[in-house]
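Colleague: I am new to this structure. Could you walk me through how to read its features?

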Amino acid sequence: SIAVLEFLVTEYELDLFIRNKNCHTILHKAAQRGHEPMCRWLLTAWPSPLWLEADKTGMTAGALALANGHRALAAELIQQCAMLQGSQQ
């Protein structure tokens, strides 16, 4: 849950950008499973170009959402990541 993550980040300095063996971040996993509120929170509370990075197979969070049938979430992620990328330039 978002509340648990907020607690872990603030109290224990949890690194939200850590990756698993497939190079998935927490955003990749939330997108893959269709957790829209979590994806929104991650992108707005912790904006970072690291969210734009693909996994080992070249899949971004938006691509994973789309591949798993979460079309609306995929479109939102692609749009938010494009805005994030634009703000980095």
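Modeller: Start with overall size, and keep in mind that this is a predicted model. A compact globule of 89 residues would have a radius of gyration near 12 Å, and the protein has 12 Å, so the two agree. Along the principal axes, its C-alpha atoms fill a box of roughly 35 × 30 × 25 Å.

Colleague: How many helices and strands does the protein have?

Modeller: It has 5 helices and 0 strands. Read along the sequence, the pattern is α-α-α-α-α.

Colleague: Among contacts between residues at least 6 apart in sequence, what share joins residues at least 24 apart?

Modeller: That share is 66%.

Colleague: Now the packing. How do I describe two packed helices?

Modeller: Two packed helices are described by the angle between their axes and the distance between the axes. Take helix α1 (residues 2-12) and helix α3 (residues 36-45). Their angle is about 30 degrees, and their axes lie 10 Å apart. Angles under 35 degrees count as roughly parallel, so α1 is roughly parallel to α3.

Colleague: Which residues meet between α1 and α3?

Modeller: From α1 come I2, L5 and E6; from α3 come P37, M38 and W41. By class, this contact has 5 nonpolar residues, 1 charged residue and no polar ones.

Colleague: What should I know about the interior?

Modeller: In soluble globular proteins, nonpolar side chains tend to be buried together. In this protein, 31% of the 89 residues count as buried. The largest nonpolar core has 19 residues. Within that core, L16, L27, C39, L42, W51 and L77 touch the most other members. Helices α1, α2 (26-32), α3, α4 (61-67) and α5 each supply at least two residues of the core.

Colleague: Pick one of those core residues. Where is W51 found?

Modeller: W51 is in the loop between α3 and α4. Its relative accessibility is 1%, so W51 counts as buried. Leave aside neighbours within four places in sequence. W51 is then in contact with L16, F17, T25, I26, L27, L42, L43, W46, C81 and L84.

Colleague: And C39, with which residues is it in contact, leaving aside its neighbours within four places in sequence?

Modeller: C39 is in contact with L27, A30, A31, L73 and L77.

Colleague: How far apart are the C-alpha atoms of W51 and Y12?

Modeller: They are separated by 21 Å, and the two residues are 39 apart along the chain.

Colleague: Let us turn to E76. Is E76 buried or exposed?

Modeller: The cut-off for buried is under 20% relative accessible area. E76 has 19% relative accessibility, so E76 counts as buried. Its place is in helix α5 (residues 71-88). Leaving aside neighbours within four places in sequence, E76 is in contact with E36 and R40.

Colleague: Last topic, backbone angles. How should I read phi?

Modeller: Most residues other than glycine have a negative phi. Two residues here to look at are E13 and C23. Phi of E13 is near 55 degrees, a positive value in a residue other than glycine. Phi of C23 is near 65 degrees, also positive in a residue other than glycine.

Colleague: Where does E13 lie, and where does C23 lie?

Modeller: E13 lies in the loop between α1 and α2. C23 lies in the loop between α1 and α2 as well. At 69% relative accessibility, E13 counts as exposed. At 25%, C23 counts as partly exposed.

Notes
Residues are numbered from 1 along each chain as its sequence is written. This is a predicted model: local features need pLDDT of at least 70, side-chain atom pairs count only at pLDDT 80 or more; totals for chains, interfaces and linings use all residues. Side-chain values use heavy atoms; hydrogens and water are left out. Axes are lines fitted to C-alpha atoms, for helices over the stretch in contact, and angles run from 0 to 180 degrees between N-to-C directions. Helices (H or I, at least four residues) and strands (E, at least two) are DSSP runs, numbered from the N terminus. Angles under 35 degrees count as roughly parallel, over 145 as roughly antiparallel, 65 to 115 as roughly perpendicular and the rest as oblique. Contact means heavy atoms within 4.5 Å. Ala, Val, Leu, Ile, Met, Phe, Trp, Tyr, Cys and Pro count as nonpolar, Asp, Glu, Lys and Arg as charged, and the others, Gly among them, as polar. Buried means under 20% relative accessible area, exposed over 50%, partly exposed in between (1.4 Å probe, protein chains only). A nonpolar core is a set of buried Ala, Val, Leu, Ile, Met, Phe, Trp, Tyr and Cys residues joined through side-chain atoms within 4.5 Å. The radius of gyration is taken over C-alpha atoms; the globule rule is 2.2 Å times the number of residues to the power 0.38.
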